[in-house]
Amino acid sequence: VTMGGGEQATIEVDGVEITEIDIARAIDLQRTNLSRQFGDQFNEDIFNDQFLRQAAVEQLISEKVNLNQAQKLGLAASTRVIDETILSIPAFQNNGRFDRELYLDVLRMNGMTPIQFRNALAGDIVVNQAQAGFALSGFATPFLTKYKTALDAEERTFEYVELPAKA
């Protein structure tokens, strides 16, 4: 990872640049999600720009590395799969059916265009394909199976003493 200089400082990950605009968008999205999640309990002092920036940069780097690896494996998301995924997302549904206006409203609220969302979704799909491929192709040796079984069945005992703080 190299940090560039100038007005549009970028991070380069495996030949792909992450711009300040990408970072700012990720920070805004994180802030919005945290605000929704915590409601009135959301504290700007805890989730300040420095904290959110670091988390956003790490997330974007991880996404780029995973996406590049999936692309090197030759994985791709078809238009049909992307369309089916969009239609099945509950946030875009009204009474169990896809609602185009709701879809566009949700994207607008998150500062995305339909093309940006489709591209991001395509990236997520191929990354998930790669991760599933690795997870599903794993195997365990007989020793590892015995070791895991022994660990799962392991029992431990412990003792403790409570001491009052005043004592």
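Q: Which residues in α2 are buried?
A: Leu-52, Ala-56, Val-57, Leu-60, Asn-68 and Ala-70. Buried here is under 20% relative accessible area, exposed is over 50% and partly exposed is in between, with a 1.4 Å probe and protein chains only. Helices are DSSP runs of H or I with at least four residues, strands are runs of E with at least two, and both are numbered from the N terminus.

Q: Before we go on, what kind of model is this?
A: A predicted model, where local features need pLDDT of at least 70 and side-chain atom pairs count only at pLDDT 80 or more, while totals for chains, interfaces and linings use all residues. Residues are numbered from 1 along each chain as its sequence is written, and side-chain values use heavy atoms, leaving out hydrogens and water.

Q: OK, what do the buried residues of α2 pack against?
A: They pack against β2 (11–13), β3 (16–18), α1 and α5, with contact meaning heavy atoms within 4.5 Å.

Q: How many residues does α2 have, and what's its reach?
A: α2 has 24 residues and spans 34 Å from first C-alpha to last, close to the 34 Å expected at 1.5 Å a residue. That expected span is 1.5 Å times one less than the number of residues.

Q: What follows α2?
A: Gly-74, with a positive phi near 80°.

Q: Switching to charges: how many salt bridges are there?
A: Nine, from a search of the whole structure. Each one needs a side-chain nitrogen of Lys or Arg within 4 Å of a carboxyl oxygen of Asp or Glu.

Q: Which residue does Glu-20 pair with?
A: Arg-53, and their closest N and O atoms are 2.8 Å apart. Glu-20 lies in α1 (residues 20–38) and Arg-53 in α2 (residues 49–72), so the bridge ties together parts 33 residues apart in sequence. Glu-20 is partly exposed at 25% relative accessible area, and Arg-53 is partly exposed at 29%.

Q: And what about Arg-118, where's its partner?
A: Arg-118 in α5 (residues 114–136) and Asp-83 in α3 (residues 79–88) link distant parts of the chain, 35 residues apart. Their closest N and O atoms are 2.6 Å apart.

Q: How far apart in α6 are Asp-152 and Lys-148?
A: Four residues, so about one helical turn separates them in α6 (residues 142–153).

Q: Which residues do shared partners join into one network?
A: Asp-28, Arg-31 and Asp-49.
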